[in-house]
Amino acid sequence: MSALKKYLDKIKPAFQKDGKFHAFQSVFDGFETFMFVPNTTAKARGAHIHDAIDSKRIMSFVVIALIPCLLFGMFNVGYQHYLATGIATPDLVDSFIYGFLAVLPKVVVSYVVGLGIEFTVAQWKKEEIQEGFLVSGMLIPLIVPINCPLWIIALATAFAVIFAKEVFGGTGMNIFNVALVTRAFLFFAYPSMMSGDKVWVNGNYIDSIIGVRGVVDGQAYDAVTMATPLGELAAGDAVSASAMDTITGLIPGSIGETSVIAIAIGAIILLWSGVASWKTMLSVFVGGALVAYLFKDNVTDNFQWWEHLTVGGFCFGAVFMATDPVTSARTECGKYIYGFLIGAIAILIRVLNPGYPEGMMLAILLMNVFAPLIDYCVVQSNINKRIKRAAK
Amino acid sequence: MCDLIVEDVRVPICYLCETINLLLILNMAKVIKLRKGLNINLKGKAEAKVIAIDASDVYGLVPDAFVGVKPKLVAKEGDVVKAGDALFVDKLHPEVKFVSPVSGKVTSVERGDRRKILSVQVTADKQQVYADFGKKNVNSLSGEQVKSALLESGLFAFFLQRPYAVTANPADAPKAIFVSTFCDMPLAADFEVVLKGNEADFQTGIDALAKIAKVHLGVKPSASSALANAKNAVVTVFDGKCPAGNVGVQINNVSPVNKGEVVWTLGAEEVIFIGRLFNTGKVDLTRTIAVAGSEIKAPAYVKALVGQQISSIVKGNIATDKKVRLIDGNPLTGLKVCETAFLGAHSTEITAIPEGDEADEAFGWIMPRFNQFSTSRTYCSWLMGNKEYSLDARVKGGERHMIMSGEYDSVFPMDIYPEQLVKSIIAGDIEKMEALGIYEVAPEDFAVCEFVDSSKLELQRIVREGLDMLRKENE
């Protein structure tokens, strides 16, 4: 490692302001801080010692928390594929390999496009590369259906990073959750790629990269059709998946959001390491459960009221999207209100407009808009207390 | 078993004794329990013994240590001064004098950019001569007489005020004077060690302050009798982690400063200076300071004068195997200095930590990093109990916008929203700053927040800029 550090120190002047590669200074700094903790020491005035926690460590742990969802999602893609082609009990390893090959291009595209834009903007602003996209880049592939073409994901990622993040000032300044803006762009611009019956199960992963569906193992299919539980609710049909299936996650859906168990492992990692707020997470479930219970007579066969909490990306949104510290409410009291309203509105959208697939996404985006207002009210009560105290 | 003597309550060594001790204090003092805060356990705490050091040849008074003061020189180079004679005064309030800690000749006035006075240096005589201000019986004096005695002797210069956390203005009528008798910052001096032998002077100082305004004393739960049972003062026990010892935190929990009100604060050792003035007629600025830190070979207490050159304080006591950062003060609120600098007017300790600028730690974002301390459970320090850490001066991350919420609130035991206050300062929103309580805070109250901040913002500098912004606005 010290040899690598010496090498980096040797080539560093080439990347400084007057060096040959000064246009790549941000990239070089990003690489150097990826390999080594920066040696910058504290200024003469101020705290001289600092906690070892930094933005990189926090983002790393969120990505670690997402890995169970990613791995299970890959497995599930393969599992659903083999089920659809008629194999009753698909082989576990085959399923995973199939899913891995199908999902990996999406992850790569998401990171390459997003980080490419971030590096360019960081260099343009002459700042360090910020770590926010490490998490968003992993979230984006997990919330799209498997048959979503890569060029559309690239377009949506570019849109979200530029217009929902960089325009506001970068990581820490955005109002909307970047991964959800990606999904919103996909849903409203390319609805046929995001909903319906044909997008959830992969026929041929190579063809699906360019969006052609039709050939599975030499057999010509028009499309592989399989409905998600929300799709069935929308159509008013009985839900074919059992309650247990919705928890284990062996159902069609967006890549990472089907398995409550995998999401729960991620939630435990996030809560125990202190990166996510339990107040927000708990409130989302409480709000959702309350509204789901109020509308419990409004469901079709084979669907219990509490299954609203296990289908349709509700868990994934509650654990990974609602808890995004930048876009959620920042006061401790505000987090309860914010989380509760997310859960309540998500389920409300879903029951009143049966099976509308984007209830969770829209609820979180709506509450992202209201989070500053919630904080304002909480802080205002403190301000009023101070004014009253001064007047006494 | 512990000895429980009626007049002198010993530091308890078991839970039963602690309860009894607390009850005894409780009979006369209110106990405020503060749940928020963080104790940072650093290596190299000073042992509770006082070791001898040599006097230094040169002593320097640094105007920057007196925040908010525009110095106007009254002593020129070549002047002979006694200990207690004025070296410079406050340009806006010339009655506030800043006096020499030693007698001798003024050898140089160090200036910086734009002729700013960096220090006024006095070469000390072998035999010290003190200016005589006359022994006085505090009980027979009025508030005005006490104040003018303090102004004349230069001890008024040590008073700080809220709002703005600057040197106090003698024209104000403060609603109270707050003294915190303990500092729980890492490696800070323990006032109980300083107080030993000076209890009478301390009480005289309190009596004098009580003539000016109501005196509030903040003590810790294990405080000795001289503090817990001090007369002419309202004693409040603060039971909590750092920064419970910050006077700003204590003011906010006892009697918060409203817009338009003024509160004066004074360091506990400076109360002893006042007592010495009235009891002996002399200005004796001898402090008992802690010399501590992982890079100090024998951490202990020493007797040093305000303005003593730091080289004489740490001579032979600093580790030589690596680059060391010398700090005038504690590692959270102090100033980085070199050995030729002088002990700051308000400083109660000198600390030395490794600089760490050649650490080259690899893959910090995923390695376990057992030697690093963090409040976050993404590291292992939460498993290590009371382990002492040798932290270096690295920032350990790049500066970012605020990302995590709730980081500051968990270590800020005041009824103020720290994150929103800092954001309003960064935005320059003066109305918002006022509304959120900037009149009550000082930069040192944000020191622990700056330590735990994952976005590595320079919070103390930001708060100081905000306070200066508001002070200019209200002038």
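Analyst: Let's start with Tyr164(B), which sits in the loop that links β10 and β11 of chain B. Helices and strands here are DSSP runs (H or I over at least four residues for helices, E over at least two for strands), numbered from the N terminus. This is a predicted model, where local features need pLDDT of at least 70 and side-chain atom pairs count only at pLDDT 80 or more, while totals for chains, interfaces and linings use all residues. Residues are numbered from 1 along each chain as its sequence is written, and chains are lettered from A and ligands numbered from 1 in the order in which they are written.

The cut-offs, with C-beta atoms placed from the backbone, are 20 or more other C-beta atoms within 10 Å for buried, 12 or fewer for exposed, and partly exposed in between.

The bond from Cys242(B) to Pro243(B) is cis, with omega near 5°; Pro243(B) belongs to the loop between β14 (234-240) and α6 of chain B. For positive phi, look at Arg115(B), with a value near 60° in a residue other than glycine. Arg115(B) is in the loop between β8 (104-111) and β9 (117-124) of chain B, and it is exposed, with 7 other C-beta atoms within 10 Å.

Now zoom out to the domains. Chain B is split into domain 1 (15-34 + 138-280) and domain 2 (409-474), with bounds taken from an automatic or database domain assignment. Their centres, over C-alpha atoms, are 24 Å apart. In the contact between them, 18 residues of domain 1 of chain B meet 16 residues of domain 2 of chain B, a contact being two backbone-placed C-beta atoms within 7 Å. Helix α6 (residues 247-254) of chain B gives the most to the domain 1 side, with four residues. By class, that side has 12 nonpolar, four polar and two charged residues. Here Ala, Val, Leu, Ile, Met, Phe, Trp, Tyr, Cys and Pro are nonpolar, Asp, Glu, Lys and Arg are charged, and the others, Gly among them, are polar.

Another helix worth a look is α4 (residues 199-212) of chain B. At 1.5 Å a residue its 14 residues should span 20 Å, and the end C-alpha atoms are 21 Å apart, which agrees; the expected span is 1.5 Å times one less than the number of residues. The buried residues of α4(B) include Phe202(B), Ile206(B) and Leu209(B). Among the elements covering the buried residues of α4(B) are α2 (143-153), β13 (215-219) and α7 (268-280) of chain B.

There's also an open sheet of six strands in chain B, ordered β2-β17-β16-β20-β18-β19, with mixed pairing. β2 (50-51) and β19 of chain B are at the edges with a single partner strand each, so one side of each has no neighbour in the sheet. Strands pair if DSSP finds at least two bridges between them; β16 (residues 286-292) and β17 (residues 300-305) of chain B are antiparallel over six bridges. Arg287(B), for instance, has Ala304(B) in β17(B) as its bridge partner.

Finally, the neighbouring chain. 63 residues of chain B are in contact with 48 residues of chain A. Elements giving two or more residues to the chain B side include β18 (324-328), β19 (335-337) and α12 (459-474) of chain B, and α11(B) gives the most, with four residues. That side has 25 nonpolar, 19 polar and 19 charged residues.

As for confidence, chain A averages a pLDDT of 88, and 93% of its residues score at least 70; pLDDT is the predictor's confidence in each residue, from 0 to 100. Residues 211-215 of chain A stay under 50. Where pLDDT is low, the predicted coordinates should not be read in detail.
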